[in-house]
Amino acid sequence: VVELQQAPQGTIALLFTDIEGSTRLASKLGAVWGDVLANHHALLSQAIAAEDGFVDGIEGDAFFATFVDAAAAARAAVASLRALRAHRWPAEVGDELAVRMGLHVGFVERRRTGYVGLEVHRAARVAAAAHGGQLLLTGAARALTGDAIPVEPLGSHRLKDFPSPEPLFCAVVDGRGAAAFPPPRTQELRPTNLPAGLPALIGREEDLQRVRSALVDEGERLVTLTGRGGVGKTSLALVAASELLDEHEAGVWLVNLATAASPDEVLPAVAGAIGADRDVTVSAQEAVIARLRGRGRVLLILDNLERLVAAGPELLELLDALPDLHILITSQVPLRLAAERCVPLDALEEAAALALIDRVRKRRGAMVSSHGPDRDTLLEVARLLDCLPLGLELAAARLGLLSPNQLRDRLRASTDLLQDSAADRPDRQRSLRATVDWTLSLLEVCPRELFVRMGVFAGPVELDDLESVAGIDGLDVLEALARLIDVALARRIESGDGRVRFGLPEALRQISAEMLGSSADADRWRRSHARRQHDLAWSARTLFVPANVFRAASAADAEATAALRWAREIGDPIAIPLGAARAMLLAADGRFREALSVLEPVLRSPTDDRSATSIALCAYAVTLCVLGRLDSAMTSADRAVESAADPETRALALSMRGVIHAYHREFEADVQDSSEATALLRDRDPAGYAGALLYEAQARMMAGELDRAREQLAEVERVGRPVDARALWHLDTLSGDIAVLTGHLQEGCQHYARSLEAAEARGDQLQIHHDLSSLGQTLAMMGRDEDALDVAGMTEAHAVQIGGVAARPGDHFHGNHLGPAAQRVGSALAEEFKTRGRAVPAATRVTVACQRARRAAGQVNEDVAVRTSE
Ligand SMILES: Nc1ncnc2c1ncn2[C@@H]1O[C@H](COP(=O)(O)OP(=O)(O)OP(=O)(O)O)[C@@H](O)[C@H]1O
Ligand SMILES: [Mg+2]
């Protein structure tokens with residue numbers, strides 16, 4: 001009990017350890033093993049206790065400990081490794097007992113059964129990737145351990161069951177760092193956006209095999225998983241896709257189409273998912289083709305295509321243009337194309353259905369088993385639900401409250417009821433809708449009400465969003481949500497970003513949206529939803545904001561799209577400021593095509609909202625500038641400055657106009673505009689001031705005032721750090737530029753490497769491009785010609801990948817050092833180095849570039865860098 005109270009939870013440090021080759025060792029040591037284990041336990045327990053760690057469990061030779069403070073956890077791990085080395089082990093053990101360790105920081109909850117949360121599994125995987133005597137850290141752990149222990153970067157790695165790559169770091173203990181160990185034991189990297197934490201399927205082995213062999217053995221290129229809502233199409237597709245990662249060197253990409261409104265949105269959604277939609281001059285189709293052509297086998301998963309089957313011909317064109325492309329679709333109905341292979345998904349077998357009911361009940365702490373006397377009753381329940389997985393989940397969730405007999409009786413009644421009352425509903429929907437209806441009918445008014453209101457959301461959202469949209473009339477959202485989760489109508493979703501969201505399974509979301517649509521106050525909730533999206537986007541519109549404000553706004557992508565669509569359809573005036581702010585955010589994310597399509601109606605509509613007009617014009621100016629239309633960009637920027645009514649908006653407009661001046665090489669004008677912006681925000685909020693100051697520092701740097709620029713960057717750091725201003729994201733790249741301009745080339749490399757890693761963690765492709773480009777030039781200035789040309793090759797490949805990018809305004813400062821580098825090594829070799837750089841897979845590009853940078857900076861010894869990059 002005492003321990004329970006001490007167990008930390010929330011966002012904490014998670015340390016896993018275990019002895020390498022323990023089974024082998026145990027059998028080799030015989031009776032001595034017991035002593036070895038006891039000593040091992042004593043050493044680790046002591047080190048963990050000394051740093052106030054909480055040992056959650058010891059399983060055989062494995063420890064799981066948690067810490068409130070990440071730095072303490074790192075010190076405990078290092079102390080353990082030292083103690084293990086210092087200890088004198090029996091001769092059979094060898095010099096040291098080889099214990100591997102993994103440290104991660106993430107969000108976990110503490111239940112009766114112990115810790116739960118995706119991050120626990122991630123931490124365990126990190127330990128499993130380490131070698132005996134090695135401590136590995138995740139990026140989150142490294143960020144939060146600060147200077148507690150020295151580490152060396154190992155680049156991005158894929159952990160088992162976690163599709164997206166993760167940066168890993170090796171702790172340096174008494175001089176033993178990355179060079180002392182083989183590369184981490186991780187999966188081969190594959191580019192993908194598959195979510196972490198895949199569903200555990202029951203009874204789908206054969207279906208899985210059918211999908212696999214259609215795509216791989218039989219070489220089908222367009223496979224459609226069909227079946228009714230809730231049968232398990234998406235779940236199966238996700239599991240199949242993750243098992244197919246190894247066959248698809250160019251990646252596996254999930255495209256969620258559940259909320260797309262028209263077939264025209266399919267290709268833009270594909271482009272968005274694969275990160276190709278970066279330039280407005282090409283169509284989405286061209287962007288996708290440019291991004292994927294010649295990169296090897298690639299798999300697209302188009303999820304929930306049923307309302308968009310008219311996009312079929314476009315998909316065929318894509319398949320024609322890309323011979324290595326394969327598409328796996330989930331859809332309630334087939335596309336009816338000649339090239340299509342349909343894999344219909346039936347409900348579960350009865351045995352699997354019972355197993356599913358059992359699993360749901362076990363998770364909810366029930367003891368009963370369907371093998372017992374209830375078996376026949378539960379079998380009838382399963383049949384009443386057509387063995388539909390989603391229906392089974394809903395029904396099983398009620399078994400805490402109702403006995404199997406009661407459940408069956410109610411289910412019978414409501415299925416009959418529904419059959420009478422909704423004769424026109426398609427038969428295949430009947431049992432699910434019936435299940436939802438009776439599940440709702442057993443709840444009080446509040447949770448029922450919340451279920452309907454949740455139909456306004458496009459996907460899972462955080463609690464804050466739910467509360468501020470669905471709680472405006474005082475509904476206790478948290479309480480109602482807890483009830484919905486209890487009965488499996490809503491679910492809690494942990495995403496890879498460590499945030500917890502709440503949403504409805506797709507088939508239920510459709511039902512809830514349908515119920516909302518036919519309710520009298522539908523527009524009230526849609527308006528409330530639109531207002532929330534407006535507030536999120538508007539509070540981030542100037543970009544000079546705390547990082548979390550910006551992140552919250554850009555994470556609300558699908559929601560903002562839905563809100564904007566509704567506002568435009570009914571002509572709600574909120575469409576103007578919402579559209580303007582959203583366009584600015586899209587442009588800041590480098591999504592210029594989307595920004596433009598959001599902007600067009602905004603710029604066309606007459607309005608006297610001067611701030612919204614100004615923001616829209618700013619977004620337009622930036623987009624035009626990237627497109628190289630500098631004169632029109634300047635006209636828009638002038639108008640943006642004129643129409644800005646409040647200081648924040650005016651400051652943004654001035655800063656943007658400054659940048660466009662810089663593109664025109666009018667650096668004095670840039671300094672003038674950006675310093676006026678800074679003056680406007682100086683005594684206002686710190687994130688705003690830091691943002692404007694960053695632009696001024698860039699302007700001063702380009703105007704040759706390097707000392708001034710450096711001072712201002714220090715000021716950005718000082719003012720921005722306490723509020724975690726978004727401006728900090730760009731500090732390293734500018735500090736790198738200044739270092740290089742003042743001849744501190746090694747320092748420049750370090751800044752670029754840091755900037756690259758942070759940009760990769762954010763998914764900021766534009767920033768990655770800029771830093772790669774600067775790094776290549778810098779390496780050439782240092783005479784590291786081979787590395788320079790290799791990084792230049794990576795820069796080119798990256799530019800192609802993101803659909804072409806305009807240069808940065810300051811680029812000419814670095815001059816062209818690559819030409820001379822190529823001359824020094826000779827054109828044949830130069831081409832070879834560049835080709836090698838281009839061939840570096842996208843997923844490892846940043847890692848490899850950072851190794852080149854750190855090697856040049858003298859931070860990593862040359863051997864290590866060479867070895868780990870191979
Ligand atoms: N084989 C299975 N074993 C266990 N649970 C399953 C299985 N198949 C589906 N489920 C569960 O059933 C629910 C519905 O599954 P899923 O969302 O994959 O269905 P779907 O066919 O994609 O539905 P929709 O048409 O609404 O998109 C999910 O909660 C999922 O976890
Ligand atoms: Mg689905």
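This tour visits a ligand site and then a pair of packed helices.

The model is predicted: local features need pLDDT of at least 70 and side-chain atom pairs pLDDT 80 or more, while totals for chains, interfaces and linings use all residues. Residues are numbered from 1 along each chain as its sequence is written, chains are lettered from A and ligands numbered from 1 in the order written, and side-chain values use heavy atoms, without hydrogens and water.

Select ligand 1. Around ligand 1 are 23 residues (near means a heavy atom within 4 Å). Ile202, Lys233, Thr234, Ser235 and Glu393 come nearest.

Next, show the polar contacts (pairs of N or O atoms within 3.5 Å). A nitrogen atom of ligand 1 is 2.8 Å from a polar backbone atom of isoleucine 202. Oxygen atoms of the ligand lie 3.0 Å from a polar backbone atom of glycine 232 and 2.7 Å from a polar side-chain atom of threonine 234. The protein covers 94% of the 630 Å² of accessible area that ligand 1 has on its own (Shrake-Rupley method, 1.4 Å probe).

Now select helices H34 (residues 765–781) and H38 (residues 842–856); helices are DSSP runs of H or I, at least four residues. They pack at about 35°, with axes 11 Å apart (axes are lines fitted to C-alpha atoms over the stretch in contact, and angles run from 0 to 180 degrees between N-to-C directions).

Finally, show side chains: Ile768, Leu772, Leu775 and Leu779 in H34 meet residues of H38 including Arg845 and Val846 (contact means heavy atoms within 4.5 Å).

Definitions and conventions
Helices (H or I, at least four residues) and strands (E, at least two) are DSSP runs, numbered from the N terminus. A polar contact is a pair of N or O atoms within 3.5 Å; within protein, one must be able to donate a hydrogen and the other to accept it, and residues adjacent in sequence count only if both atoms are side-chain atoms.
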